[in-house]
Amino acid sequence: MRPSQTVPATPQAWAEVDLDAYRANVRALAARAPTAQLMAVVKADAYGHGLVPVARAAREAGADWLGVATLEEALALRAGGDEGPLLCWLAAPGADFAAAARCDIEVTASSAEQLAEILAADVVPRIQLKVDTGLGRNGAFGDQWGELVSAAVDAAAAGARLTGVWSHLACADEPDHPANDAQEARFRDAVDDLRAAGLDPGLRHLANSAALLTRPSAHFDLVRAGIATYGLPPDPAMPHDVPLIPVMTLRARLAAVKRVPAGQGVSYGYRHVTDRETTLGLVPIGYGEGVHRAATGRAETWVRGRRVAVVGTICMDQMVVDLGDLPAERGDVVTLFGPGGAGEPTAVEWAQASGTIAYEVVTGLGGRIHLTHTDDPGRSR
Ligand SMILES: Cc1ncc(COP(=O)(O)O)c(C=O)c1O
């Protein structure tokens with residue numbers, strides 16, 4: 001998304017990021033895992049909330065670590081001034097591991113082959129080992145893990161700096177899913193494998209937000225919290241006891257209002273036809289901004305203190321809301337989603353309307369939306 005510096009005085013559509021709420025979430029989550037360090041996961045432009053300002057707020061709130069997927073993201077954090085512990089975990093062949101080392105970025109080896117690539121760099125960074133305990137995605141799986149441990153023993157003997165071992169859960173948002181126990185047991189075995197090979201496993205970590213919230217046995221030395229730091233639940237049905245404040249509010253200004261008779265078709269394909277005389281409002285935001293077209297006919301917005309339905313097909317640049325007899329005017333603020341406290345829809349509701357998860361709703365925003373940050377570290381909650 002566009003950074004805050006470029007926001008015009010009256011943007012058409014913008015996302016407000018409440019960094020005070022973000023800091024409150026980070027603190028509340030850290031308190032829920034008191035025996036572990038906390039890594040704030042800020043990959044994918046901090047889930048669409050703005051990488052550098054969110055990273056700064058994470059550190060202010062006491063996050064011990066930052067975590068990102070790619071080396072490019074990690075380097076962007078260093079360029080933005082971050083100097084603290086920082087891990088990245090996804091590198092295709094050819095990644096510049098020497099640059100990581102020069103910038104004090106820890107990298108992840110997911111196979112013996114990748115460890116060799118990292119060690120081939122002229123400056124070798126600190127390395128964490130990733131074991132696939134059953135996610136079936138990144139990390140050393142099955143025999144690959146034994147190969148990685150052997151390679152790590154050789155690397156350590158040659159002076160490599162191995163600092164941690166970690167894995168990622170497949171079903172943490174379903175706390176009773178048997179895969180959680182199985183993966184945790186496999187992770188403990190992997191840690192034992194390292195010890196049996198004479199290596200210090202270093203920092204052990206397994207938990208994402210869901211496991212942080214529901215599975216203390218998986219906290220180990222560090223928890224990696226992403227979605228919950230943004231105030232959104234990993235799954236709306238997952239019970240937890242940490243008060244989370246949604247950080248992002250998405251707004252636009254009504255670009256037009258018009259009175260139409262009953263029987264008027266609205267937007268492409270006439271998927272909606274008015275059933276009475278009503279006022280339609282034009283909202284200048286659409287799938288070009290990452291608002292899901294699938295929410296057509298299902299989502300609601302908030303205008304002048306009232307819920308207002310999105311009607312007709314959501315287009316690339318715009319969507320239409322049915323204002324009924326609300327005395328709305330061109331220029332009025334339309335809130336698509338926010339924390340929900342005043343009655344406005346939430347990102348979780350938009351996810352349900354779009355047939356997706358809240359992660360995708362916030363992370364997928366972009367295009368012409370301007371990103372603004374409210375930042376008052378002194379404000380208390
Ligand atoms: C390796 C890893 N750890 C932690 C997280 C954070 O997950 P969540 O946003 O569910 O807390 C992610 C995000 O997908 C991840 O890829």
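**View 1. The largest pocket and its lining.** The largest pocket has a lining of 29 residues, among which K43, Y47, R137, H168 and N208 lie nearest its centre; the model shown here and in the views that follow is a predicted one. The space in this largest pocket amounts to about 620 Å³. By class, its lining residues comprise 18 nonpolar, six polar and five charged. At least two lining residues come from each of helix 2 (43–48), helix 9 (209–214), strand 9 (222–225) and helix 11 (358–363), and helix 2, with three residues, gives the most. Because residues of both domain 1 (33–229) and domain 2 (248–374) contribute to the lining, the largest pocket lies between the two domains.

**View 2. The second largest pocket.** The volume of the second largest pocket is about 290 Å³. It is lined by 17 residues, and those closest to its centre are K258, S267, L282, Q318 and V320. Strand 11, strand 14 and strand 17 (319–324) are the elements that give two or more residues to this lining. Ten of the lining residues of the second largest pocket are nonpolar, five are polar and two are charged.

**View 3. The salt bridge between D82 and R59.** The side chains of D82 and R59 form a salt bridge with an N to O distance of 2.7 Å. Since D82 lies in the loop between helix 4 (71–79) and strand 4 (86–88), whereas R59 belongs to helix 3 (residues 51–60), the pair ties together parts of the chain that are 23 residues apart in sequence. D82 counts as buried because its relative accessibility, 10%, falls under the 20% limit. In the model as a whole, the count of salt bridges comes to 21.

**View 4. The salt bridge between R259 and E277.** In the salt bridge that R259 forms with E277, the closest N and O atoms are 2.9 Å apart. This pair links distant parts of the chain, with R259 in strand 11 (residues 256–260) and E277 in the loop between strand 13 (272–273) and strand 14 (278–283), 18 residues apart. R259 is partly exposed, at a relative accessible area of 44%, and E277, at 48% relative accessibility, also counts as partly exposed.

View 5. A salt bridge joins the side chains of D275 and R276, with an N to O distance of 3.1 Å. D275 is exposed, with a relative accessible area of 65%, whereas R276 is partly exposed, its relative accessible area being 38%.

**View 6. Strand 1 and its two partner strands.** Because five of the six residues of strand 1 (residues 13–18) are buried, this strand is largely enclosed by the rest of the structure. Strand 1 pairs with strand 10 (residues 248–253) in the antiparallel sense over five bridges, and within strand 10 the residue that stands opposite E16 is T249. Strand 1 also runs parallel to strand 19 (residues 370–374), to which five bridges join it; in strand 19, H370 is the bridge partner of W14. In a regular strand, the side chains alternate between the two faces of the sheet.

Technical notes. Residues numbered from 1 in each chain as written. Predicted model: local features only at pLDDT ≥ 70, side-chain atom pairs only at ≥ 80, totals over all residues. Heavy atoms only, no water. Salt bridge = Lys/Arg side-chain N within 4 Å of Asp/Glu carboxyl O. Helix = DSSP H or I, 4+ residues; strand = E, 2+ residues; numbered from the N terminus. Buried < 20%, exposed > 50% of the residue type's maximum accessible area, 1.4 Å probe, protein only. Pairing = 2+ DSSP bridges. 1 Å grid on protein atoms, 1.4 Å probe; cavity = no way out; pocket = protein on both sides within 12 Å on 5 of 7 lines; lining within 4 Å. Points joined across faces, edges and corners; volume = space filled by probe spheres on them. Nonpolar A, V, L, I, M, F, W, Y, C, P; charged D, E, K, R; others polar. Domains from an automatic or database assignment.
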